Amino acid sequence: MTRKQKRLAVIGGGMSFIVAAVLLVMFAFSNSVAYFYMPADLASNPVPPGTRIRLGGLVGEGSVVRGAGSTVRFAVTDASGDLVHVRFTGILPDLFREGQGVVTEGTFESGSDVFTADTVLAKHDEKYMPKDVADRLKQQGLWKDEQAAK
Amino acid sequence: MIIEIGHYALILALATAIIVSLVPLIGARRVDQAMMDVGPIGSVVLFALVAFSFGVLTYAHVVSDFSVKNVWENSHSLMPLIYKYSGVWGNHEGSMMLWLLILALFSALVAIFGRNLPETLKANVLSVQAWISVAFLLFILLTSNPFTRLDPAPAEGKDLNPILQDIGLAIHPPLLYLGYVGFSVCFSFAVAALIEGRIDAAWARWVRPWALAAWTFLTLGIAMGSYWAYYELGWGGWWFWDPVENASFMPWLAGTALLHSALVMEKREALKIWTVLLAILTFSLSLMGTFLVRSGVLTSVHAFASDPSRGVFILCILLLFIGGALSLFAFRAPRLTAGGLFAPISREGALVVNNLILTVACGTVLTGTLYPLVLETITGDKISVGPPFFNMTFGLLMAPLLVIVPFGPLLAWKRGDLLGALQRLYVVAALAFVAAVLFFYLQHGGPVMSVLGLAAGLFLVLGAVADLWYRAGVGKQPLGIAWRRLKGLPRSAFGTALAHAGLGISVLGIVAVSTFQTEHVLQMKQGEVTDAGGYTLRFDGMREATGPNFTEDRGHFTIARGGVDVADVWSAKRIYTAGQMPTTEAGILTFGPSQLYVSLGDPTDDGGIVVRIWWKPYILCIWGGALVMAFGGFVSLSDRRLRVGAPRRKAKPLQPVMEPAE
């Protein structure tokens, strides 16, 4: 190989690695990105079963039912009054409370309107409100200042 | 009064930083010795002033002076003393002070240890360091002043976030910042070289120790942060691909690439322009990490109270430094001459591949981290990019690197012999594979990818041993001579081997945990028994307990193996009295490199409690490997050749020692 060919081979190798990486990133994005929904969005625009989404809102007052096992049921609601039932098996974050903001991640199983969550996002402290939820609550006029100030 | 003196010292530090950012720079242009001398003296004075100011803030925290707003918001008189110290940086203002303190420390170290640097380069480097100091001093004084007073002073503080009340807070941030900010020195060297428009192999020689030191601390800082999150958050995970974790991981990837490309530049004068660019990018990623964490665009455990003006300010700093440095680079880089040529298959070639993979992998992490932010700004859609994305892209891209790492050190500079290296390594590769398959059968079952992952990990560890083995000529030389040759190898050779072996150990841990870990979530009542990882856990019941500033419900578990009690562990739910904030204190038991992790949930209606139990086989290898990597960094740093200020040894070329022993 001449020097020129060698250089071309090296540059070609590098470029093909980068192209492979870009394709991989695009493929991974199409597969593993979860969109954020609130109950009102789901009422007007339901997602097909099996699609992974993030569901955010407030934990409905009086909605938390702890079964005998480790499965917990609760409802996520927002200002529109729409309500989505959620089932979650596992340990809820320390700061999970009725009336507080929450973000869950999971899917709707086909033929069921209960959202099966595999993740309930933990709040790290009292000041923390999931940002996505806070933004939307502000839009809906449900944001209370003491929530922000707390 | 003392508080106001601390505040005043910070303002004096700003004045000093402004002087140091200008005078030595002008002095270097005019070749005026007196003006350039301002650099070292000014940098040391700057450090003294910042250190004094930091000391005052620490004093306020230790004596619980609640008239200082920062102390009132983040401290409590009942808090144990160690957390009063570490609580200094457990908040936004204090952590920026720590950032600044370490920045000033590095400037002072360059001033003190840089005696053998050319005068103009040193002056320029110190000036660039001072620019960064000016920016962050302004940021602290204008938007995040830790010395703001409250009048009247409250009687009691609001307490530190309970998650931060841990020894981890004393260790993790300082180590991480030593890494983050350490790369500022490389950045300053790069910018100084661009200002001078001249760069050579000696530049890489001066930069490498700083890059190595920063990399070593960053490795430790990330590992410590990961272990802290693992035991404190009670979720059993050790890496979440959280944007904040990525923010520290990206400089690490770029810094690793920088270490390797600086090696090529030092030895072969090649990759000059690329190395300079990497030095700029690495610190840019550190700055971006600071922006992401401190501006409040992300919510996470690291995002202390946020204020929009701070975000805008840091964004300006970010754009100024990254944009400025890259423009300077675009303007000046064509002037830098290209260096030595090399064949694709050679040590240089292997290091280029290393750089390619590391930077591309870093690019994918960057994409995954920023894409949701960009998308939300442009379209308003809110999305989350989770671990599956990163595992897929980053995992697949890094896999080839794991395979080629052991070949690198065995290839000769300039023109290597792949066949020769392959021959030397096939025994090792075969051994690694056999061991991995054996391991696989011992643990019964698991997907093929895990076998390959384990093989890659073992290949890295054994390859590192093989590297030293062949260099010493074990097998070819009598044992005595081989031993002497081994002892005669430069410390950097041991550093390389240790770092590569450490990477292998971490890979082993990661693959083993993700494949073989078991998780049970169940409801337990007093006296009930369950199995995990070959051990039997018996729940003995709950008890209430009180700590200095919290109350807790503790569950006691007895662990037995084969009917014999071997250990016991407490797992607790805590409530911190001042903020009425609950936390989970997981119970963790270590068996060799593996751990049993018990986390408590909520009580159930019929008198039981939800318990989550993980068996985490070989999990300690993850952090152990990072420790070995960092140890390799320190060993390499102690190499005489790299010792900053050591006399140059021109007479004795090092090249022959670095060649693989034939």
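Here is a short chat about a predicted model with chains A and B.

Visitor: How many helices and strands does chain A have?
Guide: Let's walk along the sequence of chain A, which reads α-β-α-β-β-β-β-β-β-α-α. Put together, the secondary structure of chain A comes to four helices and seven strands.

Visitor: Which element supplies the largest share of the side of chain B that touches chain A?
Guide: The contact takes in 35 residues from chain A and 38 residues from chain B. On the chain B side, several elements give at least two residues each, among them helix H12 (347–379), strand S1 (383–385) and helix H13 (387–404). The largest share, six residues, comes from H13(B).

Visitor: And how do the residues on that side of chain B divide into nonpolar, polar and charged?
Guide: We're still on the side of chain B that touches chain A. Its residues split into 18 nonpolar, 14 polar and six charged.

Visitor: Is B:Ile82 buried or partly exposed?
Guide: You'll find B:Ile82 in helix H4 of chain B, residues 81–86. Being buried takes 20 or more other C-beta atoms within 10 Å, and being exposed takes 12 or fewer. B:Ile82 has 13 of them, so this residue counts as partly exposed.

Visitor: What separates the C-alpha atoms of B:Ile82 and B:Ala170?
Guide: Along the chain, B:Ile82 and B:Ala170 are 88 residues apart.

Conventions: Residues are numbered from 1 along each chain as its sequence is written. Chains are lettered from A and ligands numbered from 1 in the order in which they are written. This is a predicted model: local features need pLDDT of at least 70, side-chain atom pairs count only at pLDDT 80 or more; totals for chains, interfaces and linings use all residues. Two residues are in contact if their C-beta atoms, placed from the backbone, lie within 7 Å. Ala, Val, Leu, Ile, Met, Phe, Trp, Tyr, Cys and Pro count as nonpolar, Asp, Glu, Lys and Arg as charged, and the others, Gly among them, as polar.
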